[in-house]
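Here are some notes for reading this structure for the first time. Please go through the points in order with the model open beside you.

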Amino acid sequence: MSMLLKKTTTTTLAMARRMAGTAAAHSHDGGMKLWKNFSLFLALPCVAIVSVYNFMHMAQEAEHGHERPEFVPYDHLRIRNKRFPWGEGQKSLFHNPHVNPLPTGYEDDHH
Amino acid sequence: MMMKSDHSFHLVDLSPWPLTGATGAFILTTGIVKWFQEMNMNLFLFGMMIMALTCIQWWRDISREGTFQGLHTSIVAKGLRWGMILFITSEVLFFFSFFWAFFHSSLAPSMEIGLMWPPKGVLPFNPFQVPLLNTIILLGSGVTVTWAHHSIMENNFSQAFLGLLLTVTLGVYFTSLQALEYWEASFTISDSAYGSTFFMATGFHGIHVIIGTTFLTVCLSRHMKSHFSSNHHFGFEAAAWYWHFVDVVWLFLYMSIYWWGG
């Protein structure tokens, strides 16, 4: 009699465990809530904090106007063995005249 | 249309997309040659258009076959899983080659660049500014996509939507910041081996971020049309795997190129 009872209990427990494992119709196994909390209380705040830090730094730089390095015509920089396949072929794809000198120097004279 | 078979595999219907894809790839690559040799981008753009239309229509057909026609049995889904795993593995090997190039140039800097890394005259990015933010963004997006996954598995439609939306938003945020970095960089691709390795590695990574963001956006629209069920949502899983791969590549980029190499 007790053996039968034990078997029933074990089987019921095993069934319950199996049901909790499937994703079909149960309300929560903890995963969704856990990752929701990680997302809203850890990930997004970290993104916000580091974003604010960076934007403050960018604002500081914009005010101050960072010093751009003096132009030195090194051979290993501004290599032009083959022209770029656009325009005059002298400017890279993301060419920024303020910080990217051409092989002959900065295009704009002012800082 | 009624399918009749005595097996659970999917023998696909006749489709034009493999042919248009092959033709499109041929036109695209020939177009690149024409662009570089004759300064004319027409053939290249035409090839891009054909490839884009092929991808859209081929993948659209796959989701129709799976979601509406029920042809993605568990064994078919297993094959799709293997396919995605093998594809991502091939991409890992692709990035391995760019990391090889980077370490080749940076571990033993040559005379020509001043026996130093970064080379003489190159001002690298501060790894604790935007690059660090980008790292937090991608790590965070890995958390939000996991939230979305668990929400799908637990049949929570609105949380899955929110998790996916946040993931896509973080992806777009990353791309925008990286574009800003590219614009502000004091060095270009033509600035010694530093520029070459930096822009090849981060450039291809950026393309993969855009692809991953697009894949996740498609998942978002499919989710809104209730394509995903709690126990069958392989398209979403494939997108999430790809996204985690993109994140891991960035972590290696950040540690080697931005931090160690800066």
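1. Chain B has 7 helices and 0 strands; helices (H or I, at least four residues) and strands (E, at least two) are DSSP runs, numbered from the N terminus. Along the sequence the pattern is α-α-α-α-α-α-α. The C-alpha trace of chain B spans about 70 × 45 × 30 Å along its principal axes.

2. This is a predicted model, in which local features need pLDDT of at least 70 and side-chain atom pairs count only at pLDDT 80 or more, while totals for chains, interfaces and linings use all residues. Residues are numbered from 1 along each chain as its sequence is written, chains are lettered from A and ligands numbered from 1 in the order in which they are written, and side-chain values use heavy atoms, with hydrogens and water left out.

3. How many residues does each chain bring to the contact between chain B and chain A? Chain B gives 45 residues and chain A gives 45 residues, where contact means heavy atoms within 4.5 Å. Together they bury about 3,700 Å², 66% of it on carbon and sulfur atoms; buried area is the accessible area (1.4 Å probe) that two parts lose on being put together, summed over both. Trp147(B), Glu154(B) and Trp183(B) supply 17% of the area that chain B buries against chain A, more than any other three residues.

4. On the side of chain B that touches chain A, the elements giving two or more residues are α1 (17–38), α4 (130–153) and α5 (157–184) of chain B. The most comes from α4(B), with 12 residues. By class, this side has 24 nonpolar, 16 polar and 5 charged residues. Here Ala, Val, Leu, Ile, Met, Phe, Trp, Tyr, Cys and Pro count as nonpolar, Asp, Glu, Lys and Arg as charged, and the others, Gly among them, as polar.

5. Between chain B and chain A there are 0 salt bridges, a salt bridge being a side-chain nitrogen of Lys or Arg within 4 Å of a carboxyl oxygen of Asp or Glu. Over all chains the structure holds 5 salt bridges. In one of them, the side chains of Asp108(A) and Arg68(A) meet at 3.1 Å, N to O. Both residues lie in the segment after α2 (31–64) of chain A, so the pair ties together parts that are 40 residues apart in sequence.

6. Within chain B, α5(B) meets α7(B): Leu164(B), Thr167(B), Gly171(B), Phe174(B) and Gln178(B) touch Phe236(B), Trp243(B), Trp250(B) and Tyr258(B). The residues of this contact divide into 6 nonpolar, 3 polar and no charged.
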